[in-house]
Amino acid sequence: MTSIPVATPRRHRLRTGLVLATAAAAAIGAALLAQRPRPRPAAPPPRTAEGLVVGLTSSHVLAGASETYLAVALTAPAADLARRTPASLAIVIDRSGSMEGEALAQAKAAALTLIDRLAPDDEASLISYSSDVTIDVPLTMADAAGKAALRAAVDRLVARGDTGISAALWAGTDELRRSTRDVRRVVLLSDGKPTDGITRPSELIRFAATRAAQGVSISAVGLGVEYNEHVMAGIASAGRGNYYYVERGTALADMFVRELDSLGQTVIAAGEVLVTAAPGVTIVGVLGYPFERDSAGVVRVPVSDLRAGQHAKVVVRLRTELAATATVDVAAVTWRYRLVGGGQVERTADARATVTTDAALVARGRDGAIVRMVEEARTAMAIDEAAGAYAEGDIDRAQTILRVRTTEASATAADLGDAELDRKVRRYTGAAQANFAAPPASAAAGKGGVKAQRAEAYELVR
């Protein structure tokens, strides 16, 4: 990312003692010049390390109490993958009573499609759960014999009981810890809310984070319209995996295949971003990500496994209380991950700004690339908030949230001359506004619309 080249402002002086006509003409000229956009101050580019770019929305922050955003851009290294990287996969299928009938039949068909796509040097395990958890097939090579065992186990699945997601996560991650593969992934499928084991959403998401920290990522698939999307998306985010909303089971097979293909292209695993604020700076939150704050105030954010060349972003909201001074480091960012086929990697960069009492300098010092990431993340959060309002039956509030966000982002895009940002925000908010424009035709349709928009927001914030 580079900052926009700028010119040095010019001063305009009016001489006194001129005739009235000349003075009037000069005054008109000065007025016209005042309406022209003022040049932006020269801004230091965002600080970088290999694959890591960090920056604040502006090269300047206001002195005293103020707020700003920090954006962290991540890029996985390119790789020439002639074939998929061998992977270790645990397929974890909900067989609770709510899956009885078509839902379980489609889940089984999708699992069989996935099994067929496994390569002989892949490893796989099948685990099913309801009130209890069964390791139907322990981790095995996906050769002919292993695939036959997996298929037979899928055919035997029967729906009954409650939904014990925490025990299923434990079993799936524990099974994959025995693998020596660099890429290890649990794919968790559920059509309902956790009713057994750990049921409190925040605790379940924290549990997923703890399990993923041991080197096994977790992707979550929500099937139908009754599951809790915040729980499943939270599990995927904390678990460093992917989140999918599948309204109909007929789409499960395609989703499983995409997940396997993505898994085979993974080059970065077990990633996390650590943000350390400077004195006078407080980390208020991280947009769209679960995070932990240690006793020293360092914020730790899990980030998903990345494919070759894939991009990701993390946007952090900051509160500042700084005295006007020269350029200062506002926050330090560290990106840690495991390189597939290699070792542990750590990249570090700082975000800097000049503290000023001039609000105009803050406005003119905005960095377009950083602002774009922030506006995308803020739009995602607005869509999620609007979805919550719509789910509660408050259509007016949902529409207002989306209109305000569109207006704010469009004004920012116009000021920066970023037509693509304007189009992107309008595309996402426009789809949400259309979905939330009227009462749903049925309860199921309403829940489906909410889940679809929240799945869109999940992708946009990353």
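Reply: A close look at one helix

Nine of the ten residues of helix 6 are buried, so the rest of the structure largely encloses this helix. Buried means under 20% relative accessible area, exposed means over 50%, and partly exposed is in between, with a 1.4 Å probe and protein chains only. Helices (H or I, at least four residues) and strands (E, at least two) are DSSP runs numbered from the N terminus.

The model is predicted: local features need pLDDT of at least 70, side-chain atom pairs count only at pLDDT 80 or more, and totals for chains, interfaces and linings use all residues. Residues are numbered from 1 along each chain as its sequence is written, and side-chain values use heavy atoms, with hydrogens and water left out.

The buried residues of helix 6 are Glu229, Val231, Met232, Ala233, Gly234, Ile235, Ala236, Ser237 and Ala238. At the start of helix 6, a side-chain oxygen of Asn228 comes to within 2.9 Å of the backbone nitrogen of His230. Just after helix 6, Arg240 has a positive phi of about 65°.

Helix 6 also takes part in the lining of the largest pocket, where it supplies at least two residues. A pocket is found on a 1 Å grid over the protein atoms alone: it is an open set of points where a 1.4 Å probe fits, with protein on both sides within 12 Å along at least five of seven lines, and lining residues have an atom within 4 Å of a point. This pocket holds about 770 Å³ of space, the volume being the space filled by probe spheres set on the points, which are joined across faces, edges and corners. Its lining has 36 residues, and those nearest its centre are Gly234, Ser237, Ala238, Tyr289 and Pro290. Gly234, Ser237 and Ala238 are among the buried residues of helix 6. Other elements that each give at least two lining residues include helix 5 (201-212), strand 10 (240-246), helix 9 (368-391) and helix 12 (443-460).

Charged pairs come next. Arg240 is linked with Glu272, Arg300, Arg336 and Glu346 in a network of salt bridges. A salt bridge is a side-chain nitrogen of Lys or Arg within 4 Å of a carboxyl oxygen of Asp or Glu. The structure holds 33 of these salt bridges.

In one of them, the side chains of Arg211 and Asp174 meet at 3.6 Å, N to O. Arg211 is in helix 5 and Asp174 in helix 4 (residues 165-176), so this pair links distant parts of the chain, 37 residues apart. Arg211 counts as buried because its relative accessibility is 3%, whereas Asp174, at 34%, counts as partly exposed.

Glu259 and Arg185 form another salt bridge, at 2.5 Å from N to O. Because Glu259 lies in helix 7 (residues 252-264) and Arg185 in strand 8 (residues 184-190), the pair ties together parts 74 residues apart in sequence. Glu259 is buried at 1% relative accessibility, and Arg185 is buried at 2%.

Arg347 and Glu50 form a salt bridge too, with their closest N and O atoms 3.3 Å apart. This pair spans 297 residues, from Arg347 in strand 18 (residues 344-356) to Glu50 in the loop between strand 1 (47-49) and strand 2 (52-56). Arg347 is partly exposed at 22% relative accessibility, and Glu50 is exposed at 57%.

Lys147 is buried yet has no salt bridge, and the nearest side chain of opposite charge, Asp116, is 5.8 Å away. For charge, Lys and Arg count as positive and Asp and Glu as negative, while His and the chain ends are not counted. A polar atom of the Lys147 side chain lies 2.7 Å from the backbone oxygen of Leu118.

For the chain as a whole, there are twelve helices and 18 strands. Of its 462 residues, 50% are buried. Among contacts between residues at least 6 apart in sequence, 77% join residues at least 24 apart, where contact means heavy atoms within 4.5 Å.

Note on methods:
A polar contact is a pair of N or O atoms within 3.5 Å; within protein, one must be able to donate a hydrogen and the other to accept it, and residues adjacent in sequence count only if both atoms are side-chain atoms.
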